[in-house]
Amino acid sequence: MTEASLKAPLSAPIDKDKRNWIVTTCAVGGAGVAAVAVPFVSTFQPSERAKAAGAAVEVDISAMKPGEKLTVEWRGKPVWIVKRTPEQLAGLPKLDSQLADPKSERNPGDLTPEYARNEGRSIKPEIFVAVGICSHLGCSPIDKFQIGGQPSLPDDWAGGFLCPCHGSTFDIAGRVYKNKPAPDNLEVPPHMYLSDAKLLIGEDKKA
């Protein structure tokens with residue numbers, strides 16, 4: 001190794017123009033990342049359509065007659081409103097021994113609001129409100145209000161709902177019968193009465 005090489009600096013000085021180019025390139029690259037990040041983050045903001053989908057639904061029930069059912073949509077799910085007959089109400093206590101969860105004790109926080117933890121699972125005895133989705137695999141049960149033996153139903157059928165997918169049955173209060181694929185009763189959504197004729201689904205006084 002020569003004496004000249006020993007005296008040489010360990011690294012050559014950085015050219016001023018070259019250093020400015022590196023700084024500019026990094027700044028532009030960072031700005032590009034920021035520009036890309038802004039629209040990406042904005043996609044997490046709920047759209048107006050999504051907000052509307054979660055809004056409460058007001059329903060006029062003034063024209064409903066005993067034995068009738070209305071279906072409305074809330075949060076993309078079918079919600080049933082059934083006006084039960086006096087005979088249907090009188091038959092509810094007689095079914096307890098045949099039901100898997102007659103007192104709605106399973107998952108009450110998710111399935112049954114406190115004000116609906118009663119025999120009829122309702123605020124007003126005659127009006128039953130439920131999400132029309134089976135707790136097994138998400139099929140929508142069909143009405144089977146007629147009493148007596150029918151295809152896929154027992155001879156002592158008291159009226160209620162039948163899931164056509166796997167045969168789960170529910171009484172007129174949405175309580176699931178024993179030994180059926182569905183593990184739980186039908187969900188009762190939050191709801192309240194604005195008046196005798198107006199029902200609000202999706203909100204309640206305790207929400």
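The side chains of Lys124 and Asp196 meet in a salt bridge, with 3.2 Å from N to O. This pair links distant parts of the chain, since Lys124 sits in the loop between H5 and S4 while Asp196 sits in the loop between S8 and strand S9 (198-201), 72 residues apart. Lys124 is partly exposed, with a relative accessible area of 21%, whereas Asp196, at 67% relative accessibility, counts as exposed. The model in which this pair is found is a predicted one, and a search of the whole structure finds nine salt bridges. Side chains of opposite charge can pair when their charged atoms come close.

Another of these pairs is formed by Arg175 and Glu119, whose side chains meet in a salt bridge of 2.7 Å, N to O. Here too the pair links distant parts of the chain: Arg175 belongs to the loop between S7 and strand S8 (191-193), Glu119 to the loop between H5 and S4, and the two are 56 residues apart. Arg175 is buried, with a relative accessible area of 0%, while Glu119, at 26% relative accessibility, counts as partly exposed. A further salt bridge, of 3.5 Å from N to O, brings together the side chains of Asp96 and Lys103. Asp96 has a relative accessible area of 18% and is therefore buried, the limit being under 20%, and Lys103 counts as partly exposed at 46% relative accessibility.

Ser104 is buried, with a relative accessible area of 2%, and a polar contact of 2.9 Å joins its side chain to that of Arg121. Leaving aside its neighbours within four places in sequence, Ser104 is in contact with Thr112, Arg121 and Asn185.

From the loops the description can turn to the strands. Three of them form an open sheet in the order S2-S3-S4, with antiparallel pairing. Strand S2 (69-74) and S4 are the edge strands, each of which pairs on one side only, and neighbouring strands of this sheet are turned by 20 degrees against each other on average, direction ignored. Strand S3 (residues 77-83) is joined to S4 by five bridges, and the two run antiparallel. Within this pairing, Ile81 has Val129 of S4 as its bridge partner, and Val82 stands opposite Phe128 in S4.

How much of strand S4 is buried? The strand, which spans residues 127-131, is mostly covered, and five of its five residues are buried. In a regular strand the side chains alternate between the two faces of the sheet. In S4, Ile127, Val129 and Val131 point one way and Phe128 and Ala130 the other way, and all are buried.

In soluble globular proteins, nonpolar side chains tend to be buried together. The largest nonpolar core here has 18 residues, and those with the most contacts inside it are Val82, Phe128, Phe161, Phe170 and Leu186. S3 and S4 each supply at least two residues of this core. A second, separate core of 14 residues includes Val57, Ile127, Val129 and Val131. Val82 touches, among others, Met64, Phe128, Phe145, Phe161 and Ile172, when residues up to four places away in sequence are not counted; its contacts also include Ile127, one of the residues of the second core.

Terms used. Residues numbered from 1 in each chain as written. Predicted model: local features only at pLDDT ≥ 70, side-chain atom pairs only at ≥ 80, totals over all residues. Heavy atoms only, no water. Buried < 20%, exposed > 50% of the residue type's maximum accessible area, 1.4 Å probe, protein only. Helix = DSSP H or I, 4+ residues; strand = E, 2+ residues; numbered from the N terminus. Pairing = 2+ DSSP bridges. Polar contact = N/O pair within 3.5 Å; in protein donor to acceptor, adjacent residues only side chain to side chain. Contact = heavy atoms within 4.5 Å. Axes fitted to C-alpha atoms, helices over the stretch in contact; angles between N-to-C directions. Core = buried A, V, L, I, M, F, W, Y, C linked by side-chain atoms within 4.5 Å. Salt bridge = Lys/Arg side-chain N within 4 Å of Asp/Glu carboxyl O.
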